[in-house]
Amino acid sequence: MHHHTKRTGRTSSMSFDKNSIYALLNNRHIHFTYTEHRPVYSMEELDALEIPADAVICKNLFLRNSNGKQHFLLTIPATTPVDLKELAVKLASSRLSFASAERLEKYLGLQSGLVSPFGLLNDTSKSVIFISSKNLPPSAIIGIHPNDNTATVWLTFGDLLTLLSELHVEVKLIEL
């Protein structure tokens with residue numbers, strides 16, 4: 001997919017692509033590395049990549065509450081089981097379900113099947129709450145897509161949290 005400077009059909013707000021994410025991280029002096037790879041669409045495909053030895057592969061779920069007024073982006077280690085009923089209780093939310101591709105595009109500017117915390121950079125309305133696990137140490141290196149499934153960015157969970165806070169994203173860490 002080639003990015004042209006002229007954007008069509010999108011709101012005037014800039015959406016963050018791979019290179020603008022690398023630039024943002026560099027500007028904020030956040031240490032990261034990245035792996036460029038063929039497009040991956042599943043956790044299994046990601047397993048086949050060269051990943052840093054100490055990295056935690058995460059899964060990212062974009063969720064909505066029952067009336068569709070509240071959205072959550074959940075990023076947790078891929079091995080952590082998720083029970084949406086239990087999660088709703090912990091978040092004091094109504095019933096949670098997976099948000100549609102339309103909502104993913106609307107709120108995070110992301111294509112279906114590509115959910116990443118970096119999509120929160122596109123959430124100019126600041127309406128999505130970022131959720132993660134209290135048990136994930138800030139020093140853990142996590143791999144997340146830079147809004148593009150042809151690369152994975154490796155950075156520490158702590159740096160991601162700092163970045164999101166600086167960008168005024170609401171962050172909730174819960175026991176999972």
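Reader: Hi! What should I know before I look at the model?

Author: Welcome! This is a predicted model, where local features need pLDDT of at least 70, side-chain atom pairs count only at pLDDT 80 or more, and totals for chains, interfaces and linings use all residues. Residues are numbered from 1 along each chain as its sequence is written, and side-chain values use heavy atoms, with hydrogens and water left out.

Reader: OK, what does the chain average for pLDDT?

Author: pLDDT is the predictor's confidence in each residue, from 0 to 100. The chain averages 88, and 88% of the residues score at least 70.

Reader: And where does pLDDT stay under 50?

Author: That is residues 2-13, for which the model has six contacts beyond four places in sequence. A contact means heavy atoms within 4.5 Å. Where pLDDT is low, the predicted coordinates should not be read in detail.

Reader: Got it. New topic: how many aromatic pairs are there?

Author: The count comes to three aromatic pairs. Rings of Phe, Tyr and Trp (its six-membered ring) pair if their centres lie within 6.5 Å; planes under 30 degrees apart count as stacked, over 60 as edge-to-face and the rest as tilted. Tyr22 and Tyr34 are a stacked pair, 4.3 Å centre to centre with 20° between the planes. Tyr22 lies in helix 1 (residues 18-27) and Tyr34 in strand 1 (residues 33-36), so this pair ties together parts that are 12 residues apart in sequence. Phe32 and Tyr34 are stacked too, because their ring centres are 6.3 Å apart and their planes are at 25°. Ring pairs link Tyr22, Phe32 and Tyr34 into a cluster.

Reader: What counts as a helix or a strand here?

Author: Helices (H or I, at least four residues) and strands (E, at least two) are DSSP runs, numbered from the N terminus.

Reader: Back to Tyr22: buried or exposed?

Author: Tyr22 is buried, at 8% relative accessibility. Buried means under 20% relative accessible area, exposed over 50%, and partly exposed in between (1.4 Å probe, protein chains only). Phe32 is buried as well, at 12%, while Tyr34 is partly exposed at 42%.

Reader: Nice. How many salt bridges does the structure hold?

Author: It holds three salt bridges. A salt bridge is a side-chain nitrogen of Lys or Arg within 4 Å of a carboxyl oxygen of Asp or Glu. One of them joins Lys18 and Glu36, with the closest N and O atoms 3.0 Å apart. Lys18 sits in helix 1 and Glu36 in strand 1, so the bridge ties together parts 18 residues apart in sequence. Lys18 is buried at 15%, whereas Glu36 is partly exposed at 43%.

Reader: Which residue forms a salt bridge with Glu166?

Author: Arg28 does, with the closest N and O atoms 2.6 Å apart.

Reader: Last one: what does the side chain of Asn60 make a polar contact with?

Author: Asn60, in strand 2 (residues 55-64), makes a polar contact with the side chain of Thr75 at 2.7 Å. A polar contact is a pair of N or O atoms within 3.5 Å; within protein, one must be able to donate a hydrogen and the other to accept it, and residues adjacent in sequence count only if both atoms are side-chain atoms. Asn60 is buried, at 17% relative accessibility.
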